[in-house]
Each structure stands twice: as C-alpha cells, then as structure tokens.
Amino acid sequence: MKGVYIIKRLLTSLAAFCISVTIMFILLRLMPGDYITMYLETIYRYAPPDVVEAFNHVYSFDRPVLEQYLLYLMDAFQGNWGYSLIYKVPVLTVIGEKLVWTMVILVPATALAILAGIGIGAYSGWKRGSKVDIALMNGMIFVRAIPSYWLALMILIIFGYYLNLFPLGGYVDTSALTSGIDPLDVAKHAVLPILTLFLFSVTGTYYLMRNSMLMTAGEDYIITARAKGLDEMTILRKHAMKNAMLPMVTMVTLDCAGMITGSIFVETIFSWPGLGMLTYKALLFRDLPLLQGILLIDTLLIIVANITADLIYPLIDPRVQVGDGV
Amino acid sequence: MTVSRKIILAASLGIILTYCAVAILAPMIAPYDPHAITGAPLSPPDREHPLGTNDLAQDIFSRLIWGTRATLLIGFLGAAIAVVLGTGIGIVSGYYGGMIDEAIMRIIDVAMTIPIFPLLLILTTFFRPGIYVIAVLMGLLGSFQGVRLIRSQVLSLAVADFVTGTKALGARDSYIMGRHILPNVLPLAGVKFVFSAQHFMLIGIGLGFLGIGDPSVVDWGQMINRASQNGAIILGLWWWLIPPGLAVTLISLALAWLGYACEDEINPRLRLLRV
C-alpha cells in the first residue's frame, strides 16, 4: 500500500510537470510569426534567410512537430531550459541565483507565520466566542482582505517613508560597493519584505488552526482530560494543540502557490532581487524563455512541497499510514 | 446570529450593492470622461476635482468610478464560471463515483499542482487578451478547488436515504442530481462564489498592478501601478495612490465578511461550537 501510494504520487507529480512543459510548448507554437525572424528584425530590421535556416536547423524547428515536442520534453528534463533574453545566460543559472534571495525572505516569513498562526489560532479557537477570539478573528479577516500589493505599499510608505526606520527597497546599501555585502545590512533590508509576507501568510494559518481547534475542542478525549481534573493550560498544550495541529501540514501545500504569487508583488514593490522580481522583469521585457523557466520552477516547488507534506504526515501522526489521511 | 454579526452582514451587503450601483451608473455619476484631459496635471483635490488629477491631468475621481466596472466584472464573471463548472463537475463526480470519479479526481490532482497565477501571467502577456477573456481564463483555471469541495459534499448526499428512496421510485439520475442533490449543495456553492469573487478581483487588479492590463480599460490595478511607478510615494501625492487601493480593500473586505457570515450559517458544527 505504502509503496503503491508513493509511486502513484510521483506519477501524478511527473504528469503535472509534463503538462506544464506541454502548455509552454503549445503556447510557443501558437505565437504569431516565427521567432527568429521577428527577433532579428527587431535588432537589425532584416533577417538573412541563411541565418534563419541555420537557426531553425540548430534548434530543430525544421523537424516534424511531434519530434520537436519530444526533444523539448527531453530538454526540459535534462535542465536545458534555454537562454534568458535579458541576461544572456542559461535560464536555470539565473533562476538558481534568484531563488536563493527569495528563500532569504520566504523561509523566515513562512516559519514565523506558521508558528504565530498556530499559537494565536489555537488560543482563539480554545477561547471560542470570547471577546478576544472575536477581536482576533475579525482582525485576521481584515488583514486577509487587504491585497498583498496594497499591504506592501502601505508598509513601505509607513515604515520606510514616514517613520524612516527601514530602507525603501533593494537588498544592500550603496556601501556594499566598497566594503562588500554585510549580512546585517541585508537583514535590515529584508525586514519589511518579511513582515509583509508574514502578514500575508499568517492569516491563513490562523484561520485553519482556529477551525481545527474548534473541531478538536468537541472531542471525547478533551472531555476525558477535563474529567481527570487537568488544568486548562495542560489540556490545551498536551491534548488539544497536538491534535489540532495535524491538518496544518496540508496547509503548507495550499500555502505554497499563494506564497509564490505573494512574493511576486512583495519583491517587485521592495525591489528585492528574488524570483518574484525576476518574474516581473521577465514580463516587462517579454523574456519568454525566462518566463517558461519560472513557471516550471514554480511547478517544481509546489510538487516538492506536496510530496514533503505527504511524507511528513505519518511521521507526526502515527495513526495515519502514508496514503490514507491527506 | 448576534446583533454585531447582523450589523457586519448588513454593512458588507450595503457596500457590495453600492459598488454594483456605482458600476452600473458610472457614466452618470462620473463628472468627467476617465480618459479626458481635464485641467492641470497632478493638481491636489479641490472643488472641480474631488480627488485631484494624475500625471496625465485625468480626473482621478472619475477614473475611480469607472474602475469599479472592470473590478466587479472580473470578480463576478470569473467566480460565476468557476462555481458553475465546479458544482456541475463536482456533482457528477460525487454522484456516479467509480471510474468517472477516479478519472476526474486524478485530473484535478495534476491540475492543482500547476501554479495558476504565473500561468495566467504568461497567458496574458503573450496573448494580450481583453478583460472578458481574462475573467473566463480565471474562471476555468480556478474551478478545480470548487470541484473537490462540492464533490466531498455530494459523496455523502449520494448515499443518503432520501436519494436511495427516490432512486427506488424509478427517478432518473439527471432528475435526482438536479432536484435533490443540487439544492443541497447550493449554499456551499454560494459561499464558494463569494470567496472566489473576492479572490479573482484581487488577482485581476494584481494583473493591472504588474502592468499586464488592457490599457483601454480603466482599472484600479493600473492606477496604483502608475502612481507608485511615477513617484507618488516620494512626492507625497496621496490622492493619486491611496483611493484605488482603499477601493479594492473595501470591496474585498465586504466580500470576505459576507463569505465568513454565510459559512457560519451553513456549517452547523462551526456555529454550534462558536458561541
């Protein structure tokens, strides 16, 4: 059962990746005109026929569509994702470089959001109906309703411009030109982007944790614990929290796509040199190879998050075998 | 339902209806043509221009009013498509079960792994579609979650006594699905519609914010983008930057509150435990 499930899961992921690749392939075929002629004409206003032919031959555009598709698929799996038009280097190289910077803000923001969301959500659900709970709930609904790009702009204006506490954008100070990159300086630049992503993500975690706590609070073992005479804090920590936290693992999966979207806006607004701002730049300059690379990398990130969540679940909840709960 | 909840519900419904009215009556309410040059550029709010003018000397108040149309259109059209598709496929999948269900679920498993927003970005960049096409695309790409939600509800309905009874009377499948199952999942579909509309509005404005919008359509995303790209923050031109952002936040908040209030009503377990 376990092995079958993992294989099924991997096959689904493989299919998802292939579909992403296929969509890109079809999009490329649907684009009007032929790529090299248009490209050369924009630079030289003239496309020499022999150059076009040589290009089409090198990139196998003169072969049957099916063969082109298979080649394209193979290239995608071998990490041969073409060259970025704006950076003039392989797409994977650019993406790898930028991914690191995205992780610098994404990992702390997500970790903090999960911790805070679980803590506040558990408390809120445990004290259901109380003034604190209602205030927290409405506050979270409020924050969640603010679009991430607007939140980022407001945080930038308040903390960066009016209070002047943090830099307005970028990732290092100009002093980095002479003295190299100082981790403290980077951290100072990262505070506002991390804060925005944190606020963006914590509301989802909170909501799920609170709902999960509402369900758990009605379970028989909580009543039993209370009948034993345990004090409220012990019941909350030892019995309720542990069980209510389980659905949070799936949350990571759901959150991943949302965080990718959120980081596009946040990085663009704070000029943070990560994958999100790269997406914006690629859009601005119509860098097709780079855009398709980003779509593939995003797909891969979601797949990895999915599989990880699936495999972690049975480790933290021994009642669940791989493949049945999630 | 407590009194404060009723007030919140009434307020959010009021806001949504007001936005709808503004969208419909835009040509009558707006003092200027949203594209017209109406005076000096970047002038602060005064009697002639309630919210001042932008860098092209267009009246910001008029643009704000016209922008309601694009926002509501994307949100509601997208959500309608997503919910109709999600409910239809979800009912069929959950009711028949077996091979059909398995096939649909596997397709959804795969589809859910593809990041929708980046895909939408690529599609819109290279095809420059109009606002209707964007709404339809969002509806199609966003329907997968709805299928899962509705299906899980239908699974238990399909084996309920009243369904088995109706089947024993010789009713056709299409009749059972239409007359007995559909009404039971409608409340859930309604909540999904409200949340989807909120989500799609934010995405639609987000596309405009990233500079991928139809330039001939006035939308709040492009307004925010233009203001923030042209130094509204540094120059302190709040009337240029703040109004479109507040407008989005308000409608988003109203829809969110409406959604949570409805969810409360239809999910008895949450309600019983809540107060």
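In the predicted model, helix 4 (residues 116–127) and helix 5 (residues 131–141) of chain B have axes that come within 11 Å and cross at roughly 150 degrees. Since angles over 145 degrees count as roughly antiparallel, helix 4 of chain B and helix 5 of chain B are therefore roughly antiparallel to each other. The crossing of helix 4 of chain B and helix 5 of chain B is right-handed. On the side of helix 4 of chain B, the residues that meet helix 5 are B:Ile116, B:Leu119, B:Leu120, B:Leu123 and B:Thr124. Their counterparts in helix 5 of chain B are B:Ile134, B:Leu137, B:Met138 and B:Leu141. By residue class, this contact between helix 4 and helix 5 of chain B divides into eight nonpolar, one polar and no charged.

The secondary structure of chain B consists of twelve helices and zero strands, so that the order of elements from the N terminus on reads α-α-α-α-α-α-α-α-α-α-α-α. The C-alpha atoms of chain B fill a box of roughly 75 × 50 × 30 Å, taken along the principal axes. Of the 275 residues in chain B, 44% are buried. Contacts in chain B between residues at least 6 apart in sequence were also examined, and 70% of them join residues at least 24 apart.

The mean pLDDT of chain B is 86, with 96% of its residues at 70 or more. Where pLDDT is low, the predicted coordinates should not be read in detail. For the complex, the predictor gives an ipTM of 0.83 and a pTM of 0.86.

The contact between the two chains takes 42 residues from chain A and 34 residues from chain B. On the side of chain A that touches chain B, at least two residues each are supplied by helix 1 (2–30), helix 6 (131–145), helix 7 (148–162), helix 9 (183–217), helix 12 (248–269), helix 13 (275–284) and helix 14 (288–316) of chain A. Helix 14 of chain A gives the most to this side, with eight residues. The residues of the side of chain A that touches chain B divide into 28 nonpolar, ten polar and four charged.

Two residues of chain A were noted for their backbone geometry. Most residues other than glycine have a negative phi. A:Asn164, although not a glycine, has a positive phi of about 55 degrees. A:Asn164 lies in the loop between helix 7 and helix 8 (176–179) of chain A. With 9 other C-beta atoms within 10 Å, A:Asn164 is exposed. A:Ser271 is likewise not a glycine and has a positive phi of about 45 degrees. The loop between helix 12 and helix 13 of chain A holds A:Ser271. A:Ser271 is partly exposed, with 15 other C-beta atoms within 10 Å.

Methods. Residues are numbered from 1 along each chain as its sequence is written. Chains are lettered from A and ligands numbered from 1 in the order in which they are written. This is a predicted model: local features need pLDDT of at least 70, side-chain atom pairs count only at pLDDT 80 or more; totals for chains, interfaces and linings use all residues. Two residues are in contact if their C-beta atoms, placed from the backbone, lie within 7 Å. Helices (H or I, at least four residues) and strands (E, at least two) are DSSP runs, numbered from the N terminus. Ala, Val, Leu, Ile, Met, Phe, Trp, Tyr, Cys and Pro count as nonpolar, Asp, Glu, Lys and Arg as charged, and the others, Gly among them, as polar. Axes are lines fitted to C-alpha atoms, for helices over the stretch in contact, and angles run from 0 to 180 degrees between N-to-C directions. Angles under 35 degrees count as roughly parallel, over 145 as roughly antiparallel, 65 to 115 as roughly perpendicular and the rest as oblique. A crossing is left-handed if the near helix is turned anticlockwise from the far one by less than a right angle, and right-handed if clockwise. A residue is buried if 20 or more other C-beta atoms lie within 10 Å of its own, exposed if 12 or fewer, and partly exposed in between; C-beta atoms are placed from the backbone. pLDDT is the predictor's confidence in each residue, from 0 to 100.
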